[in-house]
Amino acid sequence: MWTSAAPGSISATTPPPAPTPGGGTGATASQAGSQFLGASMACTTTSAKSLSRFIDRVNNLQKNLKSAMAKDTIQGIMQEVDELLETPGDLENLPPSQKHCMATHLLTGLESALRHLSRGLPEGTATFNYSAGTQLSIKVQKRGDGNVTLSLNQANMQLNWNLAQKSAHRGPSVVGLVSTPGMDKLLAEAPLVLEPEKHVALHGTPKDSLLRVSHVLLSDVISAFLRSKNTQNLRSPVTFTFSHPLVSSEPKREVLCVFWDHGQNGCGHWATAGCKTLGTRDGSTTCHCTRLSSHAILMASYDVQTD
């Protein structure tokens, strides 16, 4: 069992087991790390020193990766992400579209790396905390029944353990939740795409009217992942509960559960399809989502103009 320790570290009450067939990291984790780095480098043509330093440091963490080093590699990658988001430096001077592209590749690359590296962890729950607020919680288990809950400071996730178990995979199942509050620096001015039904449902807005939407990010950005990559159409919903500042109920304003859609161009946008807002009360919002991605709570304001 893994337990939380000092910021940026974890401690273990039992030693990591020897690698098992199909359950280690090996070349698979190195490949995930290479994809992480390659995507980060490809998403911008601007010479950003802070990004170059980040890539070099993560690349060093991937060298000669062994299964027994999975815990240390996870800690190192999370620490680098935490430091990059706390002081993004010249990344903040990029145009908004390039920032969104950076955010997309950081989120997907981090998820891919953690999905593969977590296979090298022993059974139990691992919790990582970092100085700038970045957090990670991972549960590794061979078989499970009922629901599993992962909790961070500002959010928690509950899902049925059957969603995490795939008969085609050998080795233990993995459920992970990451909170990256510093991601808001890269996601400023990110577009929001509403499903068409909302144009009618919101305040009786007719289809032929122009619905202008502005929004602000209310919560931390959290990313959820399983061992399987096929999490776009889950057979049962996952429940997310976010803590955020208190909001008042006003006309033409709405709290929305959203996820980060990578989009065809790889630069991404916020979207609502597949996530249902169950309700907001006392600074907390609950969502049901039938897909796993990076999630957050937005406060959306609507301005309706009718021809």
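Buried means under 20% relative accessible area. C267, at 18%, therefore counts as buried. The model is a predicted one.

**Two disulfides**

The chain holds 2 disulfides. A disulfide is a covalent bond between the sulfur atoms of two cysteines.

The link spans distant parts of the chain: C257 sits in strand β12 (residues 253-261) and C287 in strand β15 (residues 284-289), 30 residues apart. The torsion about its S-S bond is about -80°, so this disulfide is left-handed. C257 is buried at 2% relative accessibility. C287 is buried at 2% as well.

The other pair is C275 and C289, whose sulfur atoms lie 2.2 Å apart. This pair also links distant parts of the chain. C275 belongs to strand β14 (residues 275-281) and C289 to strand β15, 14 residues apart. The link of C275 and C289 is right-handed, with 120° about the S-S bond. Both C275 and C289 are buried.

Counted along the chain, the bonded cysteines pair in the pattern 1-3, 2-4.

C101 is in no disulfide; its nearest cysteine sulfur is that of C267, 3.6 Å away. C267 is in no disulfide either, and the nearest cysteine sulfur to C267 is that of C101. Why are they not counted as bonded? A disulfide needs sulfur atoms within 2.5 Å, and the sulfur atoms of C101 and C267 are 3.6 Å apart.

| Cysteine | Relative accessible area |
|---|---|
| C101 | 7%, buried |
| C267 | 18%, buried |

Note on methods: Residues numbered from 1 in each chain as written. Predicted model: local features only at pLDDT ≥ 70, side-chain atom pairs only at ≥ 80, totals over all residues. Heavy atoms only, no water. Helix = DSSP H or I, 4+ residues; strand = E, 2+ residues; numbered from the N terminus. Buried < 20%, exposed > 50% of the residue type's maximum accessible area, 1.4 Å probe, protein only.
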